[in-house]
Amino acid sequence: MAAKRRRLCISIAGGGAKGLWVCQFLHRLESELGKTIPEISHAYAGTSTGAIIAAGLAEGIAASRLTDLYYNNLKKIFTKYPWYKKLNAKCPKYDNSNLKKLLKSTFNGKMSDFDKPVFIPVTVMNGKSIDKVWDINDKDIDKWFAVLTSTAATRYFDVIVENELSYTDGGFFNNSPEMTLKAGLHNLHPDWDIKVLSFNTGMNTPNTKSGNMNDIELVAWILDNCVANSGNSNYYELTQELGKENVFRVNPERSKKLDLDDVSDKTIQELIDIGNSEYDKVRVELLKWINRG
């Protein structure tokens, strides 16, 4: 009797503009398979920029279109507030108006309207519990709102306030939502056998800071390193539960960090090149993994 085929699920970590390389990677995979990613996959989880990609795939949007969405909108998404706004010490670096407009035009309906499971972590600053995951059980939550809250990385974008609750970047507690994906599917579809294609959007780069730090330096180090690399423990747990053969992690190695808000022409092209080079690097192994049961 043939073994039951596992369902392909996708997890995408946060990383700001670096989500572009993930889209380009998936675009290359689509071209190779002759099918869109939504046609071959069954469930998604994404944090921050990963929430945009995960929700897009759950919406049935091909990775090729998501690549265009990122490429054409990154500069508009990271629009700096004017200098007079920044006289307020609490003003973030960027105005989220263009991001909000883009999400509203891309994602219509409520979370419960998604045809496939999607899980979007967000941090609740002043709620009973600091961690929250939007999913298809949130019948009253707009899709665009769920994605926007997860992308509200403090220091970069405004915190989202709704019904007296303040929502900020899901990456603070769940930057790499692999285990959220597994746990959510265990609740929704306990009979599913799954395998997970996971993206470390922020990539693997060395930590160079050492020694004592002041408060500002420490916060920046925590955000840039501890939060960004928190997915390593989730990856370990996932491989222990599903088996290493059922988890494929895409984790490009770089000698130098790219800022999550760097949207210069040079970096945008570099991100596309990273998506292409990483796909070429793992292509043979990945295709075997996908085609295996």
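Reader: What should I know before I start?

Author: Residues are numbered from 1 along each chain as its sequence is written, and side-chain values use heavy atoms, with hydrogens and water left out. As the model is predicted, local features need pLDDT of at least 70 and side-chain atom pairs count only at pLDDT 80 or more, while totals for chains, interfaces and linings use all residues.

Reader: Which residues of α1 are buried?

Author: Buried means under 20% relative accessible area, exposed over 50%, and partly exposed in between (1.4 Å probe, protein chains only). In α1 the buried ones include Trp21, Phe25, Leu26 and Leu29.

Reader: And which residues have the most contacts inside the largest nonpolar core?

Author: In soluble globular proteins, nonpolar side chains tend to be buried together. A nonpolar core is a set of buried Ala, Val, Leu, Ile, Met, Phe, Trp, Tyr and Cys residues joined through side-chain atoms within 4.5 Å. The largest one here has 71 residues, and Leu26, Leu197, Phe199 and Leu286 have the most contacts inside it. Helix α11 gives the largest share of this core, 10 residues. Apart from it lies another core of 13 residues, among them Cys9 and Leu242.

Reader: Is Ser150 buried or exposed?

Author: Ser150, in helix α6 (residues 143-151), is buried, with a relative accessible area of 0%. Phe145 is also found in α6, and Phe145 is buried at 9%.

Reader: Last one: what lines the second largest pocket?

Author: Rolling a probe the size of a water molecule over the atoms shows where empty space is left. On a 1 Å grid over the protein atoms alone, a pocket is an open set of points where a 1.4 Å probe fits, with protein on both sides within 12 Å along at least five of seven lines; lining residues have an atom within 4 Å of a point. The lining of this pocket includes Arg5, Arg6, Lys35, His42 and Asn291. β1 (7-12) and α11 (265-291) each supply at least two lining residues.

Key: Helix = DSSP H or I, 4+ residues; strand = E, 2+ residues; numbered from the N terminus.
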